[in-house]
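Opening the notebook on this one.

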Amino acid sequence: MEISSIGTVIMAGMVAAGCIGLAITKNLFYAAITLMMVFLIVAGLYVVWGAEFVGISQIVVYVGGVLVLIVFGILLTQRIQGYKVETSNYRIIPGLIVSGAFFYMLVNLINNLSIGNHTEISNEDTVPQIGVNLVTENILAFEAIAILLLVALIGASTIAKPEKE
Amino acid sequence: MYTFLFYLPFLLIFVVFAVYAERKVSAFVQDRMGPMEVGYYGLLQTVADLLKMLQKEDIVPKAADKRLFQLAPLLIFAAVFTGYAILPITSGVAGAGMESGIYFLLAIVSLDVLGILIAGWSSNNKFALFGAMRSIAQMISYEVPLGLSVIGAIMISQTLDLQEMSFQQGIFSDSANYLFGIKALGIDTTDIGGILTWNILRAPFLIPLFIIFFIASLAESNRTPFDLPESESELIGGFHTEYPGFRWGVIMLSEYGMMLLVSLLGSILFLGSWNTPLPNIGSVTLADWTSGTPGATSGHVWGAFWLFSKTFFLIFLQMMARWTYPRLRVDQLMNFSWKYLTPISILLLLINGLWRMLMI
């Protein structure tokens, strides 16, 4: 086996284990930490598959951005407000049925998938290519996201503004 | 590989001497002598302190979350130390040489926020939690001006690879360099090298951006005047209040590691990396004499010498700032980041973009 496929197997196993742990644990804070580990390993998977830039973006967006905010939120509600945030597992059997069905669907889909002629993409100069593509072919999506983020920023500062008497 | 073989032992030795230097600098600023007893001129004081620290009992508070409490210092150190993986040391040693190097560094280093958060939370102590909250609010806020100032240097260099960025800033550059980056001036500095081809002089508007970078990096490594997270007089020790002995040592190690990391990054991005500051003047080819050959021993020695002299100079500035300025208030800290540093760095970014057009 190639070293990258060994890495893939190990990392995929860790992702699966992390996800199960995430579902089982009752402590919401542990769940958030496990989620971070899962995100980090997924980033590692991207790097193993040669998509270095996507992997790092995964760290920036999910681990660094979203997750820190989630953890912050949990912490503030738990220790400062004085009550414990806990989860427990309800409706285990329906949940297992739904997730099993979904898993079956995914396996089926991936097995019957025809990817077509895929060409080997060279790993050189991906960053300039991403940059050029962002402001030429995908300029509309880029601008739409920029406006969305601007709206979010303005919204955040409006909410945070102290009300005048 | 170089990271473990070179930076790990280097970091350990650096911390011992940085703590000593910190005490001496603080003593000279305050017109004292500093540590004088242990070893010649007090040189072994930190070693003695280290030995004492290692013997301390590893205590976990009863009401603390044991597993997370023990994990947190390692998480902080891992996040900071991973950042070293992509730093070049000399012209022949590029580190991991990733194409998106600096992006990776900023991503992975920002994860130490999580370690601090876990440390503060799992201690189950109000002071620790306050410290952690202040620290996170501060680090997330100051990541914005830090990132913007780094983008300024990236825009001038047109690459995310730190080694490529380093090569551009000296006499080994592939492309032609002009004075202040302006091609129309027609003064070719490619062969002159030295300080004239450093990023701060390739685009002079990087100088204010470098100052912003320096300020933000002080905040990122929780140094005075931005040391609110651990302000001893108010919060005991901030997020590491409950940590004893070795685990406290690991936290301090990552703090000094962060200092070294941001200083290295500052000298690579703005101050010419491992390139010599001395230019070639006519037949007095100072730059050639003090650069060596890339890949050969002379190149390694000169490269590492220049890179670490610049880094240690920046660390000295950080120490001077620590013992000169008083601590900011929380609201001043936030105002300073969001109302001054961020808008100014965005404006400078715009100017740098225009400047880059002059360089083509």
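**Ground rules.** I'm working on a predicted model, where local features need pLDDT of at least 70, side-chain atom pairs count only at pLDDT 80 or more, and totals for chains, interfaces and linings use all residues. Residues are numbered from 1 along each chain as its sequence is written, chains are lettered from A and ligands numbered from 1 in the order in which they are written, and side-chain values use heavy atoms, with hydrogens and water left out.

**Interface.** I looked up contacts (heavy atoms within 4.5 Å) and found 22 residues of chain B touching 28 residues of chain A. The buried area between the two chains is about 2,400 Å², with 77% of that from carbon and sulfur atoms. Buried area here is the accessible area (1.4 Å probe) that two parts lose on being put together, summed over both. On the chain B side, Glu99(B), Tyr103(B) and Trp121(B) supply 29% of the area chain B buries against chain A, more than any other three residues.

**Salt bridges.** My rule is a side-chain nitrogen of Lys or Arg within 4 Å of a carboxyl oxygen of Asp or Glu. I noted one of them, Arg322(B) with Glu22(B), at 3.8 Å from N to O. That pair links distant parts of the chain, 300 residues apart: Arg322(B) sits in helix H13 (residues 297-324) and Glu22(B) in helix H1 (residues 2-29), both of chain B. Helices are DSSP runs (H or I, at least four residues), numbered from the N terminus.

**H3 and H11.** In chain B, H3 (residues 66-82) and H11 (residues 245-269) pack at about 15 degrees with axes 9 Å apart. Axes are lines fitted to C-alpha atoms over the stretch in contact, and angles run from 0 to 180 degrees between N-to-C directions. So H3(B) and H11(B) are roughly parallel (angle under 35 degrees). The contact's residues divide into ten nonpolar, three polar and one charged. Phe77(B) is among those on the H3(B) side, and Met258(B) among those on H11(B).

**H9 and H14.** The axes of H9 (residues 206-220) and H14 (residues 330-359) of chain B come within 10 Å and cross at roughly 150 degrees. That makes H9(B) roughly antiparallel to H14(B) (over 145 degrees).

Technical notes:
Helix = DSSP H or I, 4+ residues; strand = E, 2+ residues; numbered from the N terminus. Parallel < 35°, antiparallel > 145°, perpendicular 65-115°, else oblique. Nonpolar A, V, L, I, M, F, W, Y, C, P; charged D, E, K, R; others polar.
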